[in-house]
Amino acid sequence: MSHEYTIKDLIDAALRKYNFDDSISRNRVEEAYREVVGPFIVQLTRSVSYNASNHTLKVVLSVPALKNELTYKTTDLINAINQKLGREEVKALFLL
């Protein structure tokens, strides 16, 4: 029985084996957030951090009114980020 693997499959397996998968996921999710919200909101974002073990994205904003506005769009933001990533990576978004 022969198995065919793509280069992507082999690289992904190696990254998981050496525990680089979480840091790559973290970078991808944080970059997807920046792309989804755009440059104006990125300027008003103090920090973005993703926890791959529990699939949560934490965003600290510098303007309380923006936090209020984005709170109503939490589900839309999660969906847009996951769509950008091509898989369900983010399950919860916390705006602080």
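The following dialogue concerns a predicted model of one protein chain.

Biologist: What makes Val-59 count as buried?

Modeller: Buried means under 20% relative accessible area. Val-59 has 0% relative accessibility, so Val-59 counts as buried. This residue lies in strand β2, residues 56–61, and its contacts include Tyr-33, Thr-45, Leu-93 and Phe-94.

Biologist: How far apart are Val-59 and Leu-93 in sequence and in space?

Modeller: They are 34 residues apart in sequence, and their C-alpha atoms are 7.6 Å apart.

Biologist: Why is the pair of Glu-35 and Lys-84 called a salt bridge?

Modeller: A salt bridge requires a side-chain nitrogen of Lys or Arg within 4 Å of a carboxyl oxygen of Asp or Glu. The closest N and O atoms of Glu-35 and Lys-84 are 3.2 Å apart, and the pair therefore meets that cut-off.

Biologist: Why are Glu-35 and Lys-84 called partly exposed?

Modeller: Partly exposed lies between the buried limit of 20% and the exposed limit of 50%. Glu-35 has a relative accessible area of 44% and Lys-84 one of 47%, so both residues are partly exposed.

Biologist: How do you know that Arg-87 forms a salt bridge with Glu-89?

Modeller: Their closest N and O atoms are 3.0 Å apart, and the cut-off is 4 Å; the pair therefore counts as a salt bridge. Arg-87 is partly exposed at 41%, whereas Glu-89, at 8%, counts as buried. The structure holds two salt bridges.

Note on methods
Residues numbered from 1 in each chain as written. Predicted model: local features only at pLDDT ≥ 70, side-chain atom pairs only at ≥ 80, totals over all residues. Heavy atoms only, no water. Helix = DSSP H or I, 4+ residues; strand = E, 2+ residues; numbered from the N terminus. Buried < 20%, exposed > 50% of the residue type's maximum accessible area, 1.4 Å probe, protein only. Contact = heavy atoms within 4.5 Å. Lists of a residue's contacts leave out its neighbours within four places in sequence.
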